[in-house]
Amino acid sequence: MRILHTSDWHLGRSFHRVSLLAAQREFIDHLVTTVRERRIDAVVVAGDIYDRAVPPLAAVELFDDALHRLADLGVPTVMISGNHDSARRLGVGAGLIDRAGIHLRTDPAGCATPVVLSDDCGEVAFYGLPYLEPGLVREELGASAAGHTAVLGAAMDRVRADLATRPSGTRSVVLAHAFVTGGAVSDSERDITVGGVASVPAEVFDGVDYAALGHLHGCQTITERVRYSGSPLAYSFSETAHRKSMWVVELGAAGEAPSCERVECPVPRPLARIRGRIEELLADPDLDRHEEAWIEATLTDAVRPHEPMARLARRFPHVLTLVFDPERPPEDPLASYAQRLRGRSDRQIAEDFVAHVRGGRGPDEAERALLGDALETVRSEAHEGVVPGEENGAGATTAGAVTAGVTAGATAGEAAR
């Protein structure tokens, strides 16, 4: 069986305020062409179909067009929701769409109910594990703890239990949206840290023939059976060195390792990061190759130049972002704020802020718990598609309400001030 593995479309996303809708439409064209020309037997999309829980109309229309074109090809497609998607919104109409061969898996309760396809070697069971927000699904899955490893492990236990009931020789493919240990991250992936631990071991997928992963935007191989396809387009300058692609996965008979081939995706415009003093950047002939690229320019001038963006745009008309990083000795107290924050989680930054405004006295255990609860609620409700200010039923709290509660409370109010 020949499977096309893709993920992280992020329909509706822009790149530093530049619309990517035309590039995303070109990718869908490329996807459909690949399915037809490569004689693909099944397509799997491992989450983050949309960029946000409530996508713009143009993104919904593009997704609708993709579904119709895939259905017209008669090639079964299995999709899961990611951490950027609203699982409930994406899953509306899933039962009806299922009849057209488009199988949307957005409900954690259905993770052990596969889509079963057949080829000359027998059956292949496709299990869709939507993004599992630990705080929302722990009880439903009967997980022993609230972390990512526990809830994904509980879901995989259900998968393996179902697989054990199927005929001998049944092969299996799992779609999952998670951060697996060993994967390389980029700046455009939303943080899914819970309790300081976001990653899960690759061993959680033991027992299946292929794990088609989504979430990380770089195409990469964790093991021969566990792979990320990555996003089809670059969504941050941290992805400048990425080769955007999809995997064509050949599943042979039971027990055989899958054969995988990368298929390159169209590049709407190359990315480049350039760094130096402005006069050097404007004169360096080695930068000629970047004149048509989207540019992130970092200026190292000791004094901010006059009208730097306008001057750079005369040579690099597609410069999108400007960073100032003056050359200073390491001991200089004016080291950039961004450098001080690099590598720190949202929770660490919040705790540091409390310590800063209170003259070095950081939050106590109760205050740390309060901050942690607020951050977890914000992430959970973003995943559920809760819009701040919306009514969500009696007793429901929105991220905005939790944030207001934190800032209004006696201790957290002091921190906010």
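The following legends describe close-up views of a predicted model.

**View A. Strand 4 is a mostly covered strand.** Of the 5 residues in strand 4 (residues 42-46), 5 are buried. In a regular strand the side chains alternate between the two faces of the sheet. Here Ala42, Val44 and Ala46 are buried on one side of strand 4, and Val43 and Val45 are buried on the other.

**View B. Strand 4 pairs with strand 1 and with strand 5.** Strand 1 (residues 2-6) runs parallel to strand 4, and 4 bridges join them. Histidine 5 has valine 44 as its bridge partner in strand 4. Strand 5 (residues 77-80) is likewise parallel to strand 4 and joined to it by 4 bridges; there, valine 44 stands opposite valine 78. Together with helix 2 (residues 57-73), strands 4 and 5 make a right-handed β-α-β unit.

**View C. A salt bridge joins glutamate 261 and arginine 38.** The closest N and O atoms of this pair are 3.2 Å apart. Glutamate 261 lies in strand 16 (residues 259-264) and arginine 38 in the loop between helix 1 (21-37) and strand 4, so the contact ties together parts that are 223 residues apart in sequence. Glutamate 261 is partly exposed, with a relative accessible area of 40%, and arginine 38 is also partly exposed, at 29%.

View D. Arginine 347 is partly exposed, with a relative accessible area of 35%, whereas glutamate 351 is buried, at 17%.

Methods
Residues numbered from 1 in each chain as written. Predicted model: local features only at pLDDT ≥ 70, side-chain atom pairs only at ≥ 80, totals over all residues. Heavy atoms only, no water. Buried < 20%, exposed > 50% of the residue type's maximum accessible area, 1.4 Å probe, protein only. Helix = DSSP H or I, 4+ residues; strand = E, 2+ residues; numbered from the N terminus. Pairing = 2+ DSSP bridges. Right-handed = clockwise from strand over helix to strand, strands pointing away. Salt bridge = Lys/Arg side-chain N within 4 Å of Asp/Glu carboxyl O.
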